[in-house]
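Subject: Structure for you to look at

Hi,

Here is the structure I promised to pass on. Please open it next to this note; my findings follow below.

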Amino acid sequence: RVVFLDLDKAGAAFATLRHAMPVAAARLSRDGAFEHRAVAFLDENRDLFVARVAAVKGTAFRDEEKDNAKQNGAVKIAGGVDAFAWSASGDGLVAASRGGEVTAWHCASAFFVDPDLVPYTRSVTETHARGQGVVVERFDGNRATIRGGDGAVATTTVSASTSAFFPALHAHCVEKQWDRAIRLCRFVRDDALWATLATRAMAVDELESASIAYAALEAIEKVQFVEKARAMPSVARRSAELRAFRREHEEAERILLGAGLVFRAVELNLRLLDWDRALALALEHRTHIDTVLHVRAAHLRRGGRREDKPAFAAAAREVEVSEEQVRAKIAREREREKALPAREETARAGAKDRDRAAPKAKPSAAKAPTGARTGST
């Protein structure tokens with residue numbers, strides 16, 4: 001297990017990442033706020049995993065019997081790894097093996113934001129530092145300094161063509177200088193930089209920059225998704241769609257339910273083919289049960305299959321399903337959603353008014369220490 005300690009609270013443990021194998025080493029990334037950072041860990045099988053701190057914190061006290069890195073959203077990214085290190089700045093991660101292979105991920109958050117971009121941001125090189133006990137002494141996002149098992153030190157450039165630009169690109173993204181980041185990518189004209197920009201932009205919902213980056217990668221379907229999300233007038237729906245894009249399905253569902261969009265929460269699970277969760281939501285909120293049954297039946301017909309879930313069979317016996325009524329209910333939901341942006345704007349305006357009306361505490365006069373000079377002398 002990997003235990004996270006809060007040194008401000010006498011070293012109290014606030015999160016635990018459990019793994020099926022003994023953990024040999026763990027490192028935290030250095031980029032961003034603590035909850036937005038990632039942890040990389042190596043187990044005794046020499047398999048390298050990465051996980052988000054926020055995901056680990058959210059599953060800190062689950063049943064130990066269900067150990068497993070999947071509980072914490074950990075992703076295996078490489079095997080046969082002997083040493084690894086995060087970049088001094090940015091979101092880069094490098095791994096070295098005793099055979100001399102060096103693998104670098106220039107934007108490790110792509111594993112969580114958009115795994116399709118991982119191949120663009122990954123590069124593999126060779127180094128002369130080899131042998132048992134290899135150590136990565138330093139990685140700046142461009143060059144990795146590696147000490148071999150015999151003590152010899154070698155410095156290798158992780159990507160001969162474009163690695164020199166990654167530290168600057170990450171710095172622009174951290175400082176939210178998106179125009180500079182786009183100009184840098186257009187100057188270099190390399191897919192790895194565009195993929196890194198797309199990942200960093202999607203991670204913070206910077207949709208305009210993400211759309212430009214995806215267009216440069218010729219990922220037309222993702223450009224269409226981003227533009228569709230940008231055009232959504234409802235903040236809740238847009239936020240939920242972006243969370244779902246980043247595979248944060250539970251968070252997307254929570255946002256929709258918090259905004260009262262039960263139908264969209266049910267629809268989200270139907271799109272994910274999570275039939276059990278969709279039916280559970282419909283039964284819990286006593287709405288759109290027939291919608292779930294109708295979509296499930298159509299799915300089974302297309303596959304030439306019969307219903308094999310007892311819960312669906314029981315619900316079908318109690319609820320009459322009419323395609324016309326389902327379509328009418330969906331149409332009414334969409335009409336109701338048209339008024340949602342106005343309600344969200346009213347709620348934001350009301351919150352601002354309350355903030356203005358709230359009495360502000362008067363600053364107390366600072367008491368001068370005894371013996372201190374005050375005024376003129």
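In the protein chain, 49% of the contacts with a separation of 6 or more join residues 24 or more positions apart; contact means heavy atoms within 4.5 Å. This is a predicted model, so local features need pLDDT of at least 70, side-chain atom pairs count only at pLDDT 80 or more, and totals for chains, interfaces and linings use all residues. Residues are numbered from 1 along each chain as its sequence is written, and side-chain values use heavy atoms, with hydrogens and water left out.

The protein chain has 16 helices and 13 strands. These are DSSP runs numbered from the N terminus (helices: H or I, at least four residues; strands: E, at least two). Of its 377 residues, 44% are buried, meaning under 20% relative accessible area with a 1.4 Å probe, protein chains only.

Next, a helix pair. H9 (residues 235-245) packs on H10 (residues 249-258) at about 170°, with the axes 7 Å apart. Axes are lines fitted to C-alpha atoms over the stretch in contact, and angles run from 0 to 180 degrees between N-to-C directions. The two helices are therefore roughly antiparallel (over 145 degrees). H9 contributes Ala236, Arg237, Ser239, Ala240, Arg243 and Ala244; H10 contributes His249, Glu251, Ala252, Ile255 and Leu256.

Last, helices around a pocket. H11 (262-271), H13 (289-303) and H15 (323-337) each supply at least two residues to the lining of the second largest pocket. H15 gives the largest share, five residues.

Best wishes

Notes. Angles under 35 degrees count as roughly parallel, over 145 as roughly antiparallel, 65 to 115 as roughly perpendicular and the rest as oblique. Buried means under 20% relative accessible area, exposed over 50%, partly exposed in between (1.4 Å probe, protein chains only).
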